[in-house]
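Me: I would like to understand the words used for this structure, and how each word is tied to a value. Could we go through them one at a time?

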Amino acid sequence: MAELQRDWEVIRYQTAASEREKRFEALASRAHAVSESFPGRSEPLVWEGIIVSSYAGEKGGLGALGLVKQAKALYEAAIQIDGNALDGSAYNSLGVLYYKVPGWPLGFGDKAKAAELLQKALAMNPQGIDPNFFYGEYLVETKQAEKAVAYLERAVQAPARPGRQVADTGRREEARALLEKIRSR
């Protein structure tokens with residue numbers, strides 16, 4: 001799983017945008033093989049979901065809808081096994097899908113469900129960079145930018161995660177950019 005995580009970070013934060021979709025597609029296949037090798041474990045399902053979600057984000061449009069539904073099922077399966085795994089990352093990532101995916105009739109998006117899941121992840125990992133960033137982003141996207149500032153600042157100041165320097169640096173840059181956008185309004 002550490003290899004999947006490192007490869008995801010490199011694709012997400014250090015690969016040219018034109019290359020990301022096909023690289024995430026290949027990584028999703030590898031992630032699925034890892035998940036199948038560890039049945040009954042939550043962590044590989046979470047990482048497979050993160051990779052499939054990232055692939056969907058790069059693909060975009062209606063073509064991504066099947067991928068986000070697949071990612072949703074992976075997160076839900078991970079939660080059924082152990083929702084506490086990886087500091088509640090499945091709740092956080094599922095919450096992100098609920099606020100980024102369109103609602104009915106196209107998709108399953110639901111802003112209230114997103115808030116519930118993101119807050120649950122934040123309660124499980126209150127100082128974490130990802131739960132603070134994504135809750136802050138959710139608040140911005142739901143026209144609550146003034147509330148988002150505290151969470152985004154917490155994301156910028158979050159403790160470093162061992163072996164996650166690339167992801168932490170990239171996420172902090174995203175949080176700073178969102179803070180700058182809020183402040184320049």
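Me: Which residues does Lys 72 touch, not counting residues up to four places away in sequence?

Reply: Lys 72 touches Leu 94, Leu 97, Tyr 98 and Phe 108, where residues up to four places away in sequence are not counted; contact here means heavy atoms within 4.5 Å. Before going on, please keep in mind that this is a predicted model, in which local features need pLDDT of at least 70 and side-chain atom pairs count only at pLDDT 80 or more, while totals for chains, interfaces and linings use all residues. Residues are numbered from 1 along each chain as its sequence is written, and side-chain values use heavy atoms, with hydrogens and water left out.

Me: Why is Lys 72 called buried?

Reply: A residue is called buried under 20% relative accessible area, exposed over 50%, and partly exposed in between, with a 1.4 Å probe and protein chains only. Lys 72, which lies in helix 4 (residues 65-82), has a relative accessible area of 18%, and therefore it counts as buried. The helices themselves are DSSP runs (H or I, at least four residues), numbered from the N terminus.

Me: Is Ile 129 buried or exposed, and how do you know?

Reply: Ile 129, whose place is in helix 7, has 2% relative accessibility, and because that is under 20%, Ile 129 counts as buried. Its contacts, leaving aside neighbours within four places in sequence, are Ala 155, Ala 158, Arg 161, Asp 168, Arg 171 and Arg 172.

Me: Why is helix 5 called mostly covered?

Reply: Helix 5 is called mostly covered because 12 of its 16 residues are buried, by the cut-off already given. What covers these buried residues includes helix 3, helix 4, helix 6 (111-124) and helix 7.

Me: What puts the buried residues of helix 8 on the same side?

Reply: The buried residues of helix 8 are Ala 145, Ala 148, Val 149, Leu 152, Ala 155 and Val 156. They cover an arc (that of the directions from the helix axis to the C-beta atoms) of only 130° around the axis, which puts them on the same side of helix 8. An α-helix has 3.6 residues a turn, so residues three or four places apart point the same way. These buried residues pack against helix 7 (129-141) and helix 9 (165-183).

Me: How do you know that the length of helix 8 agrees as well?

Reply: The 13 residues of helix 8 (residues 145-157) should span 18 Å at 1.5 Å a residue, and the end C-alpha atoms are 18 Å apart, which agrees.

Key. Helix = DSSP H or I, 4+ residues; strand = E, 2+ residues; numbered from the N terminus. Expected span 1.5 Å × (residues − 1).
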